[in-house]
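Let's take a walk through this model together, starting with its sheets and then turning to its helices and a few single residues. Have the structure open and follow along.

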Amino acid sequence: MGKKIKIALYQGRSGLGLPEDIITKIQDAQPDILCLPEYFMVHPEQQTILTSADKHNQYLYYLKSLSLKLRCAIIGATLLKRGINGYNNTCYFISDGEVKGYYEKIHPYKNEGQGKVIPGYEYKVIRYGKFRIGLLICADVLFPWSFANIRGLRPDFIVVPTSSPYRPYEPIRKKHSRDQRIFVEGARKAGCPVIKVSSVGKIANKKVQGRSLVATLDGIIFRVSPRDELKTVFKIINLEL
């Protein structure tokens, strides 16, 4: 019999935390894991993501407290962590109010944080009960070897916190073609499902769109409709692996 896991996906506005109605929905649904978008804690009116690093510990405390309140693990809501040579875009895995593991984005955009966000160096999976969870962040998926490398770590599924630039005039067929090329092919390269969770609204004063989805080796099993790309979306995904 396959392993089963219940995952909550929240496509929401950054910098505002989880609204109370969403907290209630999550508590009612009782998922195993909540997935949040990239830079979820960055306020939309901040002029640069770099200033969010000053509140790293405060944001991490919020996420730890949230995992206790929701009684589930949390992945995503990536935080900037200041280092000696720059900043790392860090995805934490939090369970029972504690950090159980983390992953640092290996392929930041060249201009991410005015070019001061530096690459991580190690692909990782996080053990959670009987599951092995792979982590990638946003632009990591643009490099096919990311999926090939993580395959060797034998993940059961991969979570990808993302922030997607707003593209108001892009044809739907082009969006769907990109989903197929990146995420379905990525799932096939990695040998497991891929869960992408995106932000809506603004991040550091730049408009983003929600293109959350779940891809398997057979195709897309969930995708936010183009008409909902600017809306908050809460979705429960039941995976049987």
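**A guided tour**

An open sheet of six strands, with mixed pairing, runs in the order S5-S4-S3-S2-S1-S15. Here helices (H or I, at least four residues) and strands (E, at least two) are DSSP runs, numbered from the N terminus, and two strands pair if DSSP finds at least two bridges between them. At the edges you will find strand S5 (98-104) and strand S15 (233-240), each pairing on one side only. From one strand to the next, the twist averages 30 degrees.

Before going further, a word on the ground rules: this is a predicted model, in which local features need pLDDT of at least 70 and side-chain atom pairs count only at pLDDT 80 or more, while totals for chains, interfaces and linings use all residues. Residues are numbered from 1 along each chain as its sequence is written, and side-chain values use heavy atoms, with hydrogens and water left out.

Back to the sheet, and to one pair of strands within it. Strand S3 (residues 73-82) and strand S4 (residues 87-95) run antiparallel and are joined by seven bridges. Look for Arg82, which stands opposite Tyr87 in S4.

Helix H1 (residues 20-29) touches strand S1 (4-11), strand S2 (33-36) and S15, where contact means heavy atoms within 4.5 Å. The direction of H1 makes about 20 degrees with that of S15; axes are lines fitted to C-alpha atoms, for helices over the stretch in contact, and angles run from 0 to 180 degrees between N-to-C directions. Helix H2 (residues 56-70) packs on the sheet as well, touching S2, S3, S4 and S5. Its direction makes about 175 degrees with that of S3.

How do these two helices meet each other? The axes of H1 and H2 come within 10 Å and cross at roughly 50 degrees. H1 and H2 are therefore oblique to each other; angles under 35 degrees count as roughly parallel, over 145 as roughly antiparallel, 65 to 115 as roughly perpendicular and the rest as oblique. On the H1 side, Glu20, Ile23, Ile26 and Gln27 meet Leu66, Lys69 and Leu70 of H2. Sorted by class, this contact has four nonpolar, one polar and two charged residues. In this scheme Ala, Val, Leu, Ile, Met, Phe, Trp, Tyr, Cys and Pro count as nonpolar, Asp, Glu, Lys and Arg as charged, and the others, Gly among them, as polar.

From H3, Pro144, Phe147, Ala148, Ile150 and Arg151 meet Ile182, Gly186, Arg188, Lys189 and Ala190 in H4. By class, that contact has six nonpolar, one polar and three charged residues. Asn149 also has its place in H3. With a relative accessible area of 40%, Asn149 is partly exposed; buried means under 20%, exposed over 50%, and partly exposed in between (1.4 Å probe, protein chains only). Its C-alpha atom is separated by 9.0 Å from that of Lys189, 40 residues apart along the chain.

Now for the other strands. Strand S6 (residues 125-128) and strand S7 (residues 131-135) pair in the antiparallel sense over four bridges, and Arg127 has Arg132 in S7 as its bridge partner. This hairpin has two residues between the strands, and Gly129 in it takes a positive phi near 60 degrees. In the loop between S5 and S6 sits Glu122, which touches Tyr103 and Ile106, not counting residues up to four places away in sequence.

An open sheet of three strands, in the order S9-S12-S11, has antiparallel pairing. Strand S9 (164-165) and S11 stand at its edges, each with a single partner strand, so one side of each is left without a neighbour in the sheet. S9 pairs with strand S12 (residues 206-209) over two bridges, and Pro165 has Val208 as its bridge partner in S12.

Finally, is Ser199 buried or exposed? Ser199, in the loop between strand S10 (194-198) and strand S11 (201-203), is buried, with a relative accessible area of 0%. Leaving aside neighbours within four places in sequence, Ser199 is in contact with Gly12, Pro37, Glu38, Thr162, Val208, Gln209 and Gly210.
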